[in-house]
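Here are some notes to read alongside the model, written for someone meeting it for the first time. Please keep the 3D view open and look up each residue as it comes up.

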Amino acid sequence: MRLLWTLLTLWLLAAEDLSAHRARTRRELAPGLHERGIRDAGGSYCERNDACCVGRDDACTVPYLDTICYCDLFCNRTVSDCCPDFWEYCLGIPPPLAVHKGCDRGEHKYPTGATYRENCNLCTCSGNGKWDCEQHPCLIDGEMIDAINRGNYGWRAANYSHFWGMTLDEGVRHRLGTIKPPPTVMNMNELQMSMDTNEWLPSHFNAADKWPGLILEPLDQGNCAGSWAFSTAAVASDRIAIHSMGHMTPALSPQNLISCDTRNQQGCSGGRIDRAWWYLRRRGVVTDSCYPFTSWEKDSAHTGRPCMMQSRSMGRGKRQATQQCPNPQAHSNEIYQSTPAYRLSSSEKEIMKELMENGPVQAIMEVHEDFFVYKSGVYRHTPVMAGKPEHHRRHGTHSVKITGWLQTPGASTGVRTATSALPGVPTSARSRPSWWASGAASAWRTCGAGSEPAGWPRVARGGLSSHSPDVLHEAQV
């Protein structure tokens, strides 16, 4: 029996020694804590715990960042795992390793490698105790907003929280999305409206007032650069409702165009409106309830989602869906088509008459960096960023739905536009003609005031570019 206890004791001692050996081996084989210099050199570790252990003591540890550090003499070897204050507190000497100074922000101190975001720019604490920040121009620029609001430009700017953190480049790439049509389309013969020389047009017109319940509200395109699809679907929806006298009121699916109209189109990375109208005429689309829009994140890969709606010819130009609705809650997969689109004259009066008689039309506009902070008034591009480097001055092409106009007192005839998801706009006191534009950016949301419809910005004639909104397309039923 005594022999058995002796053997058991020896086995336990051997197991304990083996366990200690394994622990020591793990510590000895571990990489040093300060290979790139001492982080948080000013932190209190050994001192806070009053820990200075002689020899080797693997239990003499203190939590350090995302690991542990040691306060025993054994830590002070070639591969050091000492706490940052071990040398000064325990040995009374300066540390023999390079020191990474932390960075101050507010009342807090952060270790080397710590990060935070300043709007759209990532800031990193460097080894010299300073924050190194990226220098991207941001979509929301406080200095630009202040300069616009101090100036006499006829409109007000504001900070939109859903744009905060986006770079200007991301805004242009992900929030617009119309590719300019080729010269063959730009040179199309213009449709001339028959007008008497002295024909009177009202100073104010809103399609939603003339055709109540038939004009769709703007949809939010999110971070999908698909204004080409959103504006086309919106104009076609309104025209179908108007020309059927309300018997058909479809809200056509922009996702159907984005996913299925893929020939020479780039989906949520941009597209052409002339191709969208061709697809709507030849293939047709279903409603948004049948094939709802799936939003994108700005940092996702816009590889394009597969088309989930096909159609076949039924003869005489009519088509029928061959698949069920992607939305299982919807049951009607009816295909809607349009007749050919056409180009209108650049004459303001002819555009106004077309709008009054047949409903909303579509326009292509140049959007500049200041339009992303538009809040109210009559927008026109400002020169406030003229002194900045070129990469602070970006522009892109956007397509919108024009739904009406407003001519303020003392101004010549003007027109007004609506950009999908471009939100509401109070009336401006300035005497300038403006369009109500409803496009597809859907990010500029403010509250309407007076006769202004919420969600629809006012844009001065030619205020976005010298070409805007001269090229207009519309769908007939």
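1. **A pair to begin with.** Asp-58 and Arg-56 form a salt bridge, and their closest N and O atoms are 3.0 Å apart. The term salt bridge is used here for a side-chain nitrogen of Lys or Arg within 4 Å of a carboxyl oxygen of Asp or Glu. Asp-58 counts as partly exposed at 28% relative accessibility, and Arg-56 is partly exposed too, with a relative accessible area of 27%. For these labels, buried is under 20% relative accessible area, exposed is over 50%, and partly exposed lies in between, with a 1.4 Å probe and protein chains only.

2. **Where the values come from.** You are looking at a predicted model, in which local features need pLDDT of at least 70 and side-chain atom pairs count only at pLDDT 80 or more, while totals for chains, interfaces and linings use all residues. Residues are numbered from 1 along each chain as its sequence is written, and side-chain values use heavy atoms, leaving out hydrogens and water.

3. As a general point, side chains of opposite charge can pair when their charged atoms come close.

4. **A link across the sequence.** Asp-72 sits in the loop between β2 (67–70) and α2 (86–91), and Arg-27 belongs to helix α1 (residues 2–29), so the pair ties together parts that are 45 residues apart in sequence. Helices (H or I, at least four residues) and strands (E, at least two) are DSSP runs, numbered from the N terminus. Buried or exposed? Asp-72 counts as buried, at 0% relative accessibility, and Arg-27 counts as buried at 5%.

5. **A link inside one helix.** Please also look at Asp-169 and Arg-173, whose side chains meet in a salt bridge (2.6 Å, N to O). The two are four residues apart in helix α4 (residues 168–174), so about one helical turn separates them. Asp-169 is partly exposed at 31% relative accessibility, and Arg-173 is partly exposed at 42%.

6. **An enclosed strand.** Why is strand β14 (residues 361–368) described as largely enclosed by the rest of the structure? Because eight of its eight residues are buried. Val-361, Ala-363, Met-365 and Val-367 point one way from β14, while Gln-362, Ile-364, Glu-366 and His-368 point the other way. In a regular strand, side chains alternate between the two faces of the sheet.

7. **Its partner.** β14 runs antiparallel to strand β16 (residues 395–407), and eight bridges join them. One place to check is Ile-364, which stands opposite Ser-399 in β16. Two strands pair if DSSP finds at least two bridges between them.

8. **A three-stranded sheet.** β5, β6 and β7 form an open sheet in the order β5-β6-β7, with antiparallel pairing. Its edge strands, β5 (115–118) and β7 (131–133), each pair on one side only. Three bridges join β6 (residues 121–125) to β7, and Cys-123 has Cys-133 in β7 as its bridge partner.

9. **The cavity.** On a 1 Å grid over the protein atoms alone, a cavity is a set of points where a 1.4 Å probe fits but cannot get out; a pocket is an open set with protein on both sides within 12 Å along at least five of seven lines, and lining residues have an atom within 4 Å of a point. Grid points are joined across faces, edges and corners, and a volume is the space filled by probe spheres set on the points. The largest cavity has a volume of about 50 Å³. Its lining consists of Pro-137, Cys-138, Asp-141, Met-144, Leu-168, Glu-369, Met-385 and His-392.

10. The largest pocket holds about 310 Å³ of space. Of its 15 lining residues, Lys-318, Ile-335, Tyr-336, Gln-337 and Ser-338 are the closest to its centre. The second largest pocket has a volume of about 230 Å³, and among its 15 lining residues Asn-121, His-136, Cys-138, Asp-141 and His-392 lie nearest its centre.
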